[in-house]
Amino acid sequence: MSITPLMPVYARSDVRPVRGEHCHLIGEDGRRYLDFAAGIAVNIFGHSHQGLIGAIQRQAATLMHVSNLYGSPQGEHLAQRLVDLTFADTVFFTNSGAEAVECAIKTARSYHQHVGNDRKFELITFNNAFHGRTLATISASSQEKMHKGFMPLLPGFKYVDFDDLDAVKAAIGPNTAGFLIEPIQGEGGIRTASDAFMQGLRALADEHDLMLVLDEVQCGVARSGTFYAYEQFGIEPDILATAKGIGGGFPLGACLATEKAARGMVVGAHGSTYGGNPLAMAAGEAVLDAIAAEDILANVRDKGAKIVGRLEQFIGNYPELFEEVRGRGLLLGIRLKVEPRGFVAHLRDGHGLLTVSGGDNTIRIVPPLVIDDGHIDEFMDRLSAAAASYPMESAGK
Ligand SMILES: *Cc1c(COP(=O)(O)O)cnc(C)c1O
């Protein structure tokens with residue numbers, strides 16, 4: 001047999017983390033890494049946050065899981081906090097980002113079909129988007145590399161260019177149910193929609209009675225400098241998918257919706273065995289507590305601005321390597337002039353710095369939201385050493 005016990009769907013690097021210490025990871029071989037990947041924008045408090053650990057330990061010892069057949073004081077409490085913090089009136093808890101997007105897609109379709117508009121099932125989505133790896137969420141993405149081998153796709157998605165309002169207008173038809181968009185594309189290369197585009201989508205949704213669905217799985221939960229990124233565009237969505245940072249490392253996601261948008265999500269319409277279990281709720285509560293208690297939003301804005309300032313000065317030293325700095329808060333990217341995976345590997349293996357490659361030749365810089373100035377110094381030192389030693393002749397390969 002040559003297949004590995006762990007299904008070989010990832011090109012895993014040689015880094016084999018066994019322990020985390022705040023913003024650093026320690027490998028099986030004892031090597032230390034500065035973690036500016038944070039489990040891909042997940043570990044917003046790094047790896048050893050006492051509040052989060054204590055909350056999970058206490059809840060695990062009290063009650064881990066019960067069925068959604070029973071009342072949920074834990075779920076009601078966390079849902080109410082999210083309702084108070086956002087546009088939403090109601091929340092469905094999931095275990096992952098893709099499940100949160102699935103619930104958002106179902107909610108948008110059911111808004112129309114619940115009142116008999118059965119033809120309105122199509123969501124307009126955007127080129128280079130990433131929404132997860134289930135069949136519905138790969139169907140929602142234009143990226144063919146995720147479709148290969150899994151045809152046929154789920155019908156009901158139409159792809160148009162990101163930030164192109166005329167293309168959206170032209171794509172609206174009798175089947176359109178709404179729009180599904182990441183206000184800041186993560187995996188696609190840290191591309192931020194313009195204010196005019198997001199406001200235009202909101203106006204089109206209002207005009208045509210369509211659902212504006214945001215995928216804030218990566219850009220949400222304080223990462224962009226506001227609790228959710230939509231706050232920066234002067235709009236509110238009808239439906240929003242959140243995950244990644246909201247559990248701080250514990251598997252937790254949610255679909256948030258207004259009362260109007262959720263009119264089809266009635267008894268029996270949706271479900272999840274694990275979704276919203278007491279252990280996940282304890283993690284979510286601890287994350288919200290710490291965001292407020294530690295003034296995380298202020299830290300994200302301050303450290304994000306500092307990194308951008310330092311990077312913008314720095315990249316000019318290597319014009320053959322770096323193109324531009326992108327993003328908001330601590331959802332940052334550097335667009336390279338070379339293929340990014342090789343540089344990400346060089347940062348990691350040669351200089352002990354973890355980042356993530358993204359689309360559009362970008363490396364993603366998504367550190368824990370609790371970094372201090374010392375971490376930024378360490379980041380810049382390691383990045384400078386890596387740029388100085390990068391063998392450009394291998395960069396194209
Ligand atoms: C990561 C991500 C997802 C999928 O989340 P999973 O937890 O991996 O299912 C969906 N949308 C966006 C924008 C993401 O970044």
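Contact here means heavy atoms within 4.5 Å. Helices (H or I, at least four residues) and strands (E, at least two) are DSSP runs, numbered from the N terminus. The structure is a predicted model in which local features need pLDDT of at least 70 and side-chain atom pairs count only at pLDDT 80 or more, while totals for chains, interfaces and linings use all residues. Residues are numbered from 1 along each chain as its sequence is written, and side-chain values use heavy atoms, with hydrogens and water left out.

## Helix packing

Two packed helices are described by the angle between their axes and the distance between the axes. Axes are lines fitted to C-alpha atoms, for helices over the stretch in contact, and angles run from 0 to 180 degrees between N-to-C directions. A crossing is left-handed if the near helix is turned anticlockwise from the far one by less than a right angle, and right-handed if clockwise.

| Helix pair | Angle between axes | Distance between axes |
|---|---|---|
| H2 (residues 50–62) and H9 | about 155° | 9 Å |
| H3 (residues 73–85) and H9 (residues 278–293) | roughly 35° | within 9 Å |
| H10 (residues 296–315) and H12 (residues 373–388) | about 25° | 11 Å |

With an angle of about 155°, H2 is roughly antiparallel to H9; the cut-offs are under 35 degrees for roughly parallel, over 145 for roughly antiparallel, 65 to 115 for roughly perpendicular, and oblique for the rest. The crossing of H2 and H9 is right-handed. From H2, the residues Gly 51, Leu 52, Ala 55, Ile 56, Gln 59 and Ala 60 meet Pro 278, Leu 279, Ala 282, Ala 283, Ala 286 and Val 287 of H9. This contact of H2 with H9 comprises 10 nonpolar, two polar and no charged residues. In this classification, Ala, Val, Leu, Ile, Met, Phe, Trp, Tyr, Cys and Pro count as nonpolar, Asp, Glu, Lys and Arg as charged, and the others, Gly among them, as polar.

H9 also packs with H3, their axes coming within 9 Å, and H3 passes H9 in a left-handed crossing. On the H3 side are Gln 74, Gly 75, His 77, Leu 78, Arg 81, Leu 82 and Leu 85, which meet Pro 278, Met 281, Gly 284, Glu 285, Leu 288 and Asp 289 in H9. Six nonpolar, four polar and three charged residues form the contact of H3 with H9.

H10 and H12 pack at about 25°, which makes H10 roughly parallel to H12. Their crossing is right-handed. Among the residues that make the contact are Lys 303, Ile 307 and Phe 314 of H10, and Asp 373, Phe 379 and Leu 383 of H12. By class, the contact of H10 with H12 has eight nonpolar, one polar and five charged residues.

## Sheets and strand pairing

Strands of a sheet pair through backbone hydrogen bonds, either parallel or antiparallel. Two strands are taken to pair if DSSP finds at least two bridges between them.

S1 pairs with S2 (residues 24–27) in the antiparallel sense over four bridges, and Pro 17 stands opposite Gly 27 in S2.

S5 (residues 122–126) and S6 run parallel and are joined by four bridges; Ile 124 stands opposite Lys 158 in S6.

S13 (residues 322–328) and S14 (residues 331–336) run antiparallel and are joined by six bridges. Gly 327 has Leu 332 in S14 as its bridge partner. The hairpin of S13 and S14 has two residues between the strands, and Gly 329 there takes a positive phi near 55°.

## Local backbone geometry

Most residues other than glycine have a negative phi, and most peptide bonds are trans. Ala 41 has a positive phi near 65° and lies in helix H1 (residues 38–41). The peptide bond from Met 151 to Pro 152 is cis, with omega near 0°. Pro 152 is placed in the loop between helix H6 (144–147) and S6.
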